[in-house]
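Please walk me through this model in the viewer, one selection at a time. I would like to know what to pick and what is there.

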Amino acid sequence: MGKSVVRLTIDGRETAAAQGSTVAAALLNAGLTELRQSVNGEPRGPLCGMGICFECRVSIDGRAHQKSCQVLCADGMVVTTE
Amino acid sequence: MNHVSSDVVVVGAGPAGIAAACTAARTRQVTIIDDNPAPGGQIWRGYGQASGASGGGDWFSRLRGIAAQRLYSSRVVGLGDSPRTLLVERPDGMMQVCYRDLILATGARELFLPFAGWTLPNVMGPGGLQALVKCGLRVEAKRIVVAGSGPLLLAVAAYLRKHGASIVCVVEQAPFSALSRFGKRLVQYPGKIVEAARLQSKVLGVRYLTGTWVEAASGGGRVESVTLVSHQGRRREDCDYLAIAYGLTPNVELPSLLGCEIHGGKVSVNDRQQTSQPHIYCAGEPTGVGGVDLALVEGQIAGAAVAGDRRTVESLSPQRERWQRFAAFLDEGFALRAELRALAKPDTIVCRCEDVSLERLQRFDSWRAAKLHTRCGMGPCQGRVCGAAVHHLLGWDPESVRPPIFPITVAALAAFGNHSSD
Ligand SMILES: Cc1cc2nc3c(=O)[nH]c(=O)nc-3n(C[C@H](O)[C@H](O)[C@H](O)COP(=O)(O)OP(=O)(O)OC[C@H]3O[C@@H](n4cnc5c(N)ncnc54)[C@H](O)[C@@H]3O)c2cc1C
Ligand code: FES
């Protein structure tokens with residue numbers, strides 16, 4: 001992992017993440033385990049870590065339903081859980 | 001929409017795709033496509049940032065050295081509107097990629113079997129958790145139960161431990177007798193013995209429970225404990241994460257969409273890795289889960305085949321057979337026990353996208369009928385998680401794939417033209 005750090009906003013709070021981290025990793029590191037609610041309102045978080053299950057989806061820079069495990073953190077990125 | 005054409009297109013930049021691209025590029029012009037931000041596939045994920053993956057380094061420098069067109073963060077979601085064209089979703093929009101020969105190296109995913117509590121946050125696939133750690137997740141001092149089946153469990157436990165996690169135990173459903181039979185067969189694979197010994201030293205002191213499986217996970221808001229069962233009885237272990245999967249299952253959606261013959265969940269290929277569609281080749285896990293060595297050999301064979309290099313194809317054939325035998329030993333050693341089929345209770349969610357329970361599925365007699373009435377398998381994962389589970393629990397076969405193979409944006413759908421109008 002590179003040493004440099006990027007700054008992003010997660011649910012309104014500014015957070016630092018190592019360059020090369022995915023948004024899913026940054027969310028879990030920030031202590032958020034529930035990234036979304038299922039159809040029946042159950043808490044859900046990442047399952048597959050590789051873009052298959054869609055359980056890690058969040059809004060990134062205003063685009064809904066992005067798979068956070070396949071998006072790298074970037075400076076100024078705004079992430080909101082769904 | 002953007003159109004590009006390429007002589008040879010390789011889908012998947014894991015070991016198989018990288019080997020195929022590097023070998024094909026000796027005589028042909030190659031485009032390599034992967035949905036991750038960087039090449040490497042499952043085993044060499046994040047190698048660009050962190051080093052240490054054995055064998056990966058050499059292939060990465062070869063890949064860097066070829067004059068290929070690289071489309072990363074790009075996912076093949078369906079077929080384009082003319083023959084031999086793929087529809088590719090990229091961060092900046094859709095693209096059509098046209099090919100003369102196609103090599104499919106789409107890899108495998110983890111096999112998840114439903115049990116009470118498997119939908120709780122922090123219950124993940126072992127490979128999935130490892131992928132997250134490779135991509136920046138911190139696990140220092142986290143208590144992790146690694147469970148399910150297969151050689152990946154120990155590799156993941158060693159990896160997590162190296163990153164500071166406290167491994168509560170490794171839980172393997174296969175009985176000790178089957179594993180020791182498998183161990184004896186490793187004699188034919190000295191490299192694997194060295195690998196196993198190295199691995200063992202990294203998990204020294206970690207409890208390895210064979211003939212044991214996870215019956216339930218519980219917790220409020222995330223997993224907090226698991227119940228383990230064996231023929232000796234039950235016990236509870238507290239944890240922060242449960243990493244659990246029952247081996248791997250091949251990604252055959254794209255080959256299936258392209259009309260390649262699939263048999264027993266694997267893409268059928270000949271000794272040149274050619275599928276039933278003459279201009280389509282397939283290499284790596286989609287032809288049967290066999291690990292990185294088999295993936296590399298198959299990738300090179302597919303690449304050599306499209307490059308017209310028959311000598312290389314023939315010279316690699318004994319290696320292919322050797323690693324196919326290894327794959328068969330793995331299958332046998334880690335065969336799934338019948339008890340796992342009884343873990344899902346009537347109210348256990350099977351389809352996580354649509355929250356469909358087992359009892360709702362059991363009212364129907366086929367995947368098609370269940371899908372129609374419950375929307376099982378019609379959520380965003382399109383059956384990638386529940387399809388294999390349903391196959392294991394109810395014996396239903398997933399229906400043939402219809403485009404798109406991954407959900408895409410409405411704007412992208414508009415690009416489909418006549419191909420999806422049936
Ligand atoms: C989650 C996971 C973790 C693993 N960890 C290890 C490990 O630590 N050690 C080990 O020895 N083995 C591991 N394995 C096994 C390992 O995957 C294989 O041994 C080896 O990587 C197989 O290589 P491959 O090239 O066939 O497939 P993969 O490495 O799976 O590569 C396939 C690539 O194709 C991409 N792809 C698939 N479909 C599309 C599409 N439609 N469009 C664009 N791209 C696509 C995938 O994202 C992936 O990058 C793991 C497997 C999984 C599933
Ligand atoms: S965790 Fe499964 S898609 Fe991201």
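**Selections in chain B and around ligand 1**

Start by selecting Ala25(B), which touches Val30(B) and Ile66(B), leaving aside residues up to four places away in sequence. The model is a predicted one. Ala25(B) sits in the loop between helix H1 (15–24) and strand S3 (30–33) of chain B. Its relative accessibility is 24%, so Ala25(B) counts as partly exposed.

Next, select ligand 1. The residues around ligand 1 come from chains A and B, so the site is shared between chains. There are 33 of them, and Ala16(B), Asp34(B), Asp35(B), Gln42(B) and Val76(B) come nearest. By type, the shell divides into 14 nonpolar, 13 polar and 6 charged residues.

Now show the polar pairs at ligand 1:

- Ala16(B): a backbone N or O atom lies 2.9 Å from a ligand oxygen.
- Asp35(B): a polar side-chain atom lies 2.6 Å from a ligand oxygen.
- Val292(B): a polar backbone atom is 3.0 Å from a ligand oxygen.

Taken alone, ligand 1 exposes 980 Å², of which the protein buries 92%.

Finally, go to Arg337(B), in the loop between helix H9 (310–333) and strand S22 (349–351) of chain B. At 13% relative accessibility, Arg337(B) counts as buried because the cut-off is under 20%. A polar atom of the Arg337(B) side chain lies 2.8 Å from the backbone oxygen of Gln173(B). Residues that Arg337(B) touches, beyond four places away in sequence, include Ala174(B), Pro175(B), Trp213(B) and His231(B).

Methods: Residues are numbered from 1 along each chain as its sequence is written. Chains are lettered from A and ligands numbered from 1 in the order in which they are written. This is a predicted model: local features need pLDDT of at least 70, side-chain atom pairs count only at pLDDT 80 or more; totals for chains, interfaces and linings use all residues. Side-chain values use heavy atoms; hydrogens and water are left out. Helices (H or I, at least four residues) and strands (E, at least two) are DSSP runs, numbered from the N terminus. Buried means under 20% relative accessible area, exposed over 50%, partly exposed in between (1.4 Å probe, protein chains only). A polar contact is a pair of N or O atoms within 3.5 Å; within protein, one must be able to donate a hydrogen and the other to accept it, and residues adjacent in sequence count only if both atoms are side-chain atoms. Contact means heavy atoms within 4.5 Å. A residue is near a molecule or strand if one of its heavy atoms lies within 4 Å of it. Accessible areas come from the Shrake-Rupley method with a 1.4 Å probe; for residues, only the protein chains shown count as cover. Ala, Val, Leu, Ile, Met, Phe, Trp, Tyr, Cys and Pro count as nonpolar, Asp, Glu, Lys and Arg as charged, and the others, Gly among them, as polar.
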